[in-house]
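Open the model in your viewer and keep the selection tool at hand. The tour below goes stop by stop.

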Amino acid sequence: MVVAVNLREALNRLKRAHHSASRLVLYRGIRRDPAVHALAELLKAVLAGKSLSSDQADGIAGAYSTFFTALAEAARKNPHPSVGSPWQNHLLELVLNDENSFSRLAEEYPLEEIGESIARQAGLDLQRLQDLHALDAAVLLDLIRQVTSETDWVGWDQLLNFPTGESSQENTRIRFKRQLHESQDWSSQLAELATSYRAFGSGIFGRFQAFHWERPDQRGHLRGIPEPDPIRLEDLIGCEDQKGWLVRNTSFFLDGCPANNILVYGDRGTGKSSAIKGLLHHFSGRSLRIVEVSRDDLQDLPQAMNQLRSRSGRFIVFIDDLSFEEGETQYKTLKAVLEGSLEARPGNVLIYATSNRRHLIREYFSDRNALSEEVRHQDTLQEKVSLADRFGIQLVFVAPDQDHYLAIIRSMAARRGLHLPDQDLVRRALEWAQLHNVRSGRTARQFIDFLAGEVGRGAGS
């Protein structure tokens, strides 16, 4: 049902919103968002006049189409519960994630240490953003109907049916979004907003917990990972001591206490990488971020760390499958970053690396040959073993024996709700390990995935 509103009152609301959007200063970058830009164009078109030509009406239709589509796409990419209407939720997300002079300063300093001019301007911008937040879909659509004499317009209030549950990671963030949404004066929430930036970061650091370092051109950059690996520490069976070391060291790090870089090495498929990735979920809701840097990009480590140095949060630089062949020199950059460079490693960064071998640089028997032609052959040997020594904690993961392998299988099957007779489960698990010529946590997971698919297909047939 179409509910008519007073045309003059509706026009005044839209003029105020359009005026506020054009007067943003610190948060002006929000106008570059596709949905916000499209809304500004829509407001401009609607405010053009009461009597519209056919071309002007087409302009409104095009602007609304762009706005609706951009808002729907933003809703699709946001899997978290919505606060307010989809437009209001989107704007709240933009405010929390915007990277500007105020948000960057708030990451590093308490609000009372930020210059008064910046704080006051941020408060004014928040008031202007609140005018945009207050836009009502029904009011805008009714006005569009009146000025275009067309009635077939669909509102944006229900683009997705969001889940009602909240993950622990998002609880604090969602609570503040709701607090801002319900506030009568957004400028009064400036201190809480600054606290949010300090806790969660801004820009991509506010949106993501996991990142990958990319170098598509001459300059590398961080790419946020929207859906990090869902592995959890509880899914890893039989490496309790190793997990305990990882959790304790990471807890020290998050609490601001001294902590060590960690090297995790051992047999393939034993959960080395999974144990590190599982920390992200174990410390969900805290300031932990994980940045994956590939072995081929180790020369970029100083550049990556400089980008992390002044950001809020605590970062684990994750290097997977670390090893070096004879003649490769990237390890020298890693050595300098770990210990030895004149520039101190950022206090909010640790390095966790995995490798299939304890000595990260390949050695040859000739390296130990005292009759080698090299005058200082012992120096070469020390150079090759010194990299691993720069990791303060070294954890070894070994392939499970048969009893341990079967314990992993039984635990995984129980977690997945696969209720097979134990004799059949054991027989098939051993056959699978024999087929793949290895017993490991990875082999166990692959077997359980196959078994779950087999059971699922049977249930659906």
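**Stop 1: α5 against α9**

α5 passes α9 in a right-handed crossing. This is a predicted model. Select residues 101-108 for helix α5 and residues 190-200 for helix α9. Their axes come within 7 Å and cross at roughly 70°. Angles of 65 to 115 degrees count as roughly perpendicular, so that is the term for α5 and α9.

Now show side chains. On the α5 side, pick Phe102, Ser103, Ala106, Glu107 and Glu108. They meet Leu190, Leu193, Ala194, Tyr197 and Arg198 in α9. Colour the contact of α5 with α9 by class: 6 residues are nonpolar, 1 is polar and 3 are charged.

**Stop 2: α2 against α7**

Move to another helix pair. Two packed helices are described by the angle between their axes and by the distance between those axes. Select residues 34-46 for helix α2, then residues 137-148 for helix α7. The packing angle is about 40°, and the axes lie 11 Å apart. α2 and α7 are therefore oblique to each other. Which hand does the crossing of α2 and α7 have, left or right? The crossing of these two helices is left-handed.

From α2, take Leu39, Leu42, Leu43 and Val46. From α7, take Leu140, Leu143 and Ile144. In the contact of α2 with α7, 7 residues are nonpolar, with no polar and no charged ones.

**Stop 3: the second largest pocket**

To find the second largest pocket, centre the view on Leu236, Gly271, Ser274, Gly441 and Arg445. Of the 35 lining residues, these lie nearest the pocket's centre.

Which elements each supply at least two residues of the lining of the second largest pocket? Select α12 (272-282), β6 (349-355), α16 (402-415) and α18 (441-460). Which of the elements gives the most to this lining? It is α18, with 5 residues.

Finish by colouring the lining of the second largest pocket by class. It divides into 11 nonpolar, 12 polar and 12 charged residues.

Note on methods
Residues numbered from 1 in each chain as written. Predicted model: local features only at pLDDT ≥ 70, side-chain atom pairs only at ≥ 80, totals over all residues. Heavy atoms only, no water. Axes fitted to C-alpha atoms, helices over the stretch in contact; angles between N-to-C directions. Helix = DSSP H or I, 4+ residues; strand = E, 2+ residues; numbered from the N terminus. Parallel < 35°, antiparallel > 145°, perpendicular 65-115°, else oblique. Left-handed = near helix turned anticlockwise from the far one by under 90°. Contact = heavy atoms within 4.5 Å. Nonpolar A, V, L, I, M, F, W, Y, C, P; charged D, E, K, R; others polar. 1 Å grid on protein atoms, 1.4 Å probe; cavity = no way out; pocket = protein on both sides within 12 Å on 5 of 7 lines; lining within 4 Å.
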